[in-house]
Amino acid sequence: MATIYDKTDKGREEISTRKYGLAAKLRPLLVMVDGKHSDTDLLAKVSGLGLGPDSLAELSAAGFIQAQAAPAPAAPPAPAATPAAAAEAPPAEAAPDNRFLAVYQFYNETIKSMIGLRGYALQLKVEKASTLDELRQLRQPYLEAVQKAKGNETARSLRTRLDSLLGPADQTQPASLVDLGAG
């Protein structure tokens, strides 16, 4: 039977302050724990990072997450109403989860190195984001901060990398910053 985990107060504090020095490898899993998704769902999302059941056990043993009582199943009416949509949903869902992790890691790796301490507030917003759309909303502030800290060329290069990670749904946003030029 699947277990649903939620963050403890200690887990939320670690996300916002990094007070307890959680291993960077476990951080994406802690961020994704939300009290809604089962351990099976969470592990499927982070399997590419080399995380498994032992990672959840480690977070639990350290007091960052705790198991919840499983909620009553509320899904039975939905499959009967939309069988075709249910058959198409898994491939569409898999890509955003992988993109979420890729964008999340991109922001984590580049904010500190490119923006430094001035990027702390932006880093907190990345940590609080739980969907790809929330990470998309950080695109413009991120690029403006990189441009201010490192200049146009670096901002252009990172914009290209970020846009490729965000995928086609991001093409509706402005393609460039005022001072970045055409590309």
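Arginine 18 is found in the loop between H1 and H2; helices (H or I, at least four residues) and strands (E, at least two) are DSSP runs numbered from the N terminus. The model is predicted, so local features need pLDDT of at least 70 and side-chain atom pairs count only at pLDDT 80 or more, while totals for chains, interfaces and linings use all residues. Residues are numbered from 1 along each chain as its sequence is written, and side-chain values use heavy atoms, with hydrogens and water left out.

Arginine 18 counts as partly exposed because its relative accessibility is 42%; buried means under 20% relative accessible area, exposed over 50% and partly exposed in between (1.4 Å probe, protein chains only). Its phi is near 60°, a positive value in a residue other than glycine. Most residues other than glycine have a negative phi.

The second largest pocket has a volume of about 260 Å³. A pocket is an open set of points on a 1 Å grid over the protein atoms alone where a 1.4 Å probe fits, with protein on both sides within 12 Å along at least five of seven lines; lining residues have an atom within 4 Å of a point. Grid points are joined across faces, edges and corners, and the volume is the space filled by probe spheres set on the points. Of the 15 lining residues, Arg18, Lys112, Gly116, Tyr120 and Gln123 are the closest to the centre of this pocket. Helix H1 (9-17), H6 and H7 each give two or more residues to the lining, and H7 provides its largest share, four residues. By class, the lining holds five nonpolar, six polar and four charged residues.

A nonpolar core is a set of buried Ala, Val, Leu, Ile, Met, Phe, Trp, Tyr and Cys residues joined through side-chain atoms within 4.5 Å. H6 gives the most to this core, with eight residues. Among its 38 residues, Leu59, Tyr107, Leu135 and Tyr142 touch the most other members. Leaving aside residues up to four places away in sequence, Leu135 touches Phe100, Val103, Tyr104, Tyr107, Val126 and Ala129; contact means heavy atoms within 4.5 Å.

Threonine 8 lies in the loop between strand S1 (4-7) and H1. At 13% relative accessibility, threonine 8 counts as buried. Beyond residues up to four places away in sequence, threonine 8 touches Gly63, Phe64, Ile65 and Gln66.

The chain as a whole has 10 helices and two strands, arranged along the sequence as β-α-α-α-α-β-α-α-α-α-α-α. Of its 183 residues, 36% are buried. Among contacts between residues at least 6 apart in sequence, 68% join residues at least 24 apart.

Confidence is given by pLDDT, the predictor's score for each residue from 0 to 100. The chain averages a pLDDT of 77, and 76% of the residues score at least 70. Among the elements, H9 has the highest mean pLDDT (92) and helix H5 (residues 77-81) the lowest (45). Where pLDDT is low, the predicted coordinates should not be read in detail.

Definitions and conventions. Nonpolar A, V, L, I, M, F, W, Y, C, P; charged D, E, K, R; others polar.
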